[in-house]
Amino acid sequence: MAKALLDMAQISDILSVESADTFTRPIDAGNAIATVKSANPVKVITVRTTAFEPAAEGGSASDETLGGASRAAVVAGFVPNDYQVGQTGTIVALELHVAVGISGAIQHLARMKDSKVIVAINKNEEATIFQVADYGLVADLFKAVPEFAELIPAGRPA
Ligand SMILES: Cc1cc2nc3c(=O)[nH]c(=O)nc-3n(C[C@H](O)[C@H](O)[C@H](O)COP(=O)(O)OP(=O)(O)OC[C@H]3O[C@@H](n4cnc5c(N)ncnc54)[C@H](O)[C@@H]3O)c2cc1C
């Protein structure tokens, strides 16, 4: 809306500010980084928040982490739309990202591969998700996940 009112082009999803008029942003679903210069007097930008260090403490905004889900899970009705991670969903960059039964489609990977530690559980050892995972387990999720839950105290059933 702001760009329309100002009649100026928007630079979306920036990864860095190189100078007052120059920014970098991902293109081709994150496979390449473009350097973009804007001659507009007002810069209308959107920011990929995970590419920047957190602001200093003292603010009052809430910080919530939702579950990581693929579009297939959303379409199947397992989780709400808000949970979709990927090109047409949200961006996540978690300290620990556990991808369970996720194939690793480029549209999904593009917005989650900045997570610090990625653990993948998939029964198909050829699954693309293993290419970005720091730790991979080839296993049936219905067996592996309950076993993990047993090992984590907070995950144990009461
Ligand atoms: C324009 C466009 C935009 C898109 N945007 C997004 C987006 O924003 N986000 C997104 O996620 N997708 C997006 N997609 C869809 C994307 O291409 C994939 O179809 C989707 O990510 C696949 O989700 P999935 O890996 O959960 O499902 P699937 O491809 O069905 O893969 C399921 C995986 O689970 C494994 N599995 C199955 N059963 C078990 C079991 N019992 N134990 C262990 N592993 C098991 C399988 O081996 C498989 O690897 C987009 C597609 C297009 C064309």
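Reply: Here's a walk around the ligand.

Keep in mind that this is a predicted model, where local features need pLDDT of at least 70 and side-chain atom pairs count only at pLDDT 80 or more, while totals for chains, interfaces and linings use all residues. Residues are numbered from 1 along each chain as its sequence is written, and side-chain values use heavy atoms, with hydrogens and water left out. The protein averages a pLDDT (the predictor's confidence in each residue, from 0 to 100) of 85.

Around the ligand there are 22 residues, each with a heavy atom within 4 Å of it. Ser70, Val85, Thr88, Ser103 and Asn122 come nearest. That shell divides into 7 nonpolar, 12 polar (Gly counts here) and 3 charged residues.

Now for the polar contacts (pairs of N or O atoms within 3.5 Å). On His108, a polar side-chain atom lies 2.9 Å from a ligand oxygen. The protein buries 69% of the 980 Å² that the ligand exposes when taken alone (Shrake-Rupley method, 1.4 Å probe).

Conventions:
A polar contact is a pair of N or O atoms within 3.5 Å; within protein, one must be able to donate a hydrogen and the other to accept it, and residues adjacent in sequence count only if both atoms are side-chain atoms.
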